[in-house]
Amino acid sequence: MRIRAIFEILKDRLFSTQYESEKSHVLDILVDNWFNVQYLEAFFEQNKADLDSLAKLYNEEITVEDAIELTIDLADELFQELYEEDGNNLKELFHALDDNEQRIYDFQKAKAKGSYKKSWLRIYAVHFDDAYVVTGGTIKLHFKMQDRIHTNEELKKLTSMKDALKLNEVDELFVYKS
Amino acid sequence: MAKEEAKKVLKEYISKAEGSASEWKKTVAFRQENKSWLKKSAKIAIKINRSLRAQKMTQKDLADLLKVSPQMVNKILKGSENLTLETIVKIEDKLNIELISILKSNEVIVAMPSKGFVMATSNTISKIYSSGSEILYKEDVYLVTELEEFYA
């Protein structure tokens with residue numbers, strides 16, 4: 001998947017990527033998907049085993065119906081946080097992708113999941129200077145990103161963006177194979 | 001230096017962006033203003049989507065049954081449509097499910113872990129409670145006790 005364009009969402013601070021196969025940029029797509037009951041029903045049905053494992057971990061029963069409602073509530077909260085503060089809270093909203101990284105540095109892979117501790121929503125971005133370039137997002141129901149196709153894709157997008165920003169070669173290199 | 005290079009890359013990609021950057025903001029603002037009915041619309045959509053799956057029906061099947069366009073059904077299934085009572089009742093009839101119900105003044109909804117919700121009158125609840133039925137979990141007993149006090 002190749003980067004087609006980047007949209008400036010908040011001046012000099014928040015950017016959102018558009019890939020060649022997509023009609024809109026990533027934030028638009030995430031908003032569409034995370035508020036779309038039909039999409040969510042298909043997603044949780046497809047990832048039912050992960051949902052059940054997570055429920056077991058939390059010692060709770062989480063049905064597909066519960067999961068859809070919770071996702072919509074989490075998305076409402078997460079996007080509201082992104083929207084209301086007009087970018088002043090980006091540093092609080094985004095954290096290092098690797099939970100073990102305490103230090104913030106340029107071209108760091110970052111994630112935002114909202115203030116609810118158990119949130120399974122993830123918005124991914126590459127951070128440099130005061131800017132966050134959003135590369136994607138997903139619903140993460142398992143521990144390691146490498147373990148599932150949809151989260152592994154997000155990891156590849158992050159790496160592609162990081163490489164793109166560092167190498168300054170716009171036309172050829174910033175492709176990841178999905 | 002690397003940051004300056006990155007800014008150049010960004011600038012290059014930004015120049016390729018076409019269309020609005022803020023559609024997502026409009027959606028978020030709309031949802032904030034219309035949260036109450038959107039929540040109910042989503043709950044209805046969940047039930048319809050689950051029913052279609054259970055009955056192995058497609059979006060097109062439902063469109064045919066309702067005699068509306070697949071695009072209209074798509075909006076309903078997404079859970080962001082402000083449905084009329086007429087449409088809701090039509091869907092209930094065609095799918096043989098209940099999407100909304102209005103409680104009578106002597107009816108309450110009691111949560112049953114693992115089994116969704118049951119609707120019951122205060123008398124029924126008293127009977128279930130006094131019979132020591134196995135369907136009641138500890139949490140329900142507290143709830144039922146409170147209800148009995150309420151109806152005393």
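In chain A, β1(A) and β2(A) run antiparallel and pair over six bridges; strands count as paired if DSSP finds at least two bridges between them. A:Leu10 sits opposite A:Leu14 of β2(A).

A word on the model: it is predicted, so local features need pLDDT of at least 70 and side-chain atom pairs count only at pLDDT 80 or more, while totals for chains, interfaces and linings use all residues. Residues are numbered from 1 along each chain as its sequence is written, and chains are lettered from A, ligands numbered from 1, in the order in which they are written.

Contact here puts the C-beta atoms of two residues, placed from the backbone, within 7 Å. On that basis, 36 residues of chain A are in contact with 31 residues of chain B. The most comes from α4(A), with eight residues.

## The nonpolar core

The largest nonpolar core has 68 residues, and A:Phe15, A:Ala125, A:Tyr132, A:Val133 and A:Val134 have the most contacts inside it. Such a core is a set of buried Ala, Val, Leu, Ile, Met, Phe, Trp, Tyr and Cys residues joined through C-beta atoms within 7 Å. Buried means that 20 or more other C-beta atoms, placed from the backbone, lie within 10 Å of a residue's own. The largest share of the core, nine residues, is from α4(A).

Leaving out residues up to four places away in sequence, A:Phe15 touches A:Ile6, A:Val133 and B:Leu10, among others.

## Chain B and its helix α3

Chain B has eight helices and two strands, and 18% of its 152 residues count as buried.

Helix α3 (residues 35-54) of chain B reaches 28 Å from first C-alpha to last, close to the 28 Å expected at 1.5 Å a residue (1.5 Å times one less than the number of residues). Its buried residues include B:Leu38, B:Ala42, B:Ala45 and B:Asn49. The buried residues of α3(B) pack against α2 and α4 of chain A as well as α2, α5 and α6 of chain B. After α3(B) comes B:Lys56, with a positive phi near 50°.

Definitions and conventions:
Helix = DSSP H or I, 4+ residues; strand = E, 2+ residues; numbered from the N terminus. Buried ≥ 20, exposed ≤ 12 C-beta atoms within 10 Å, placed from the backbone.
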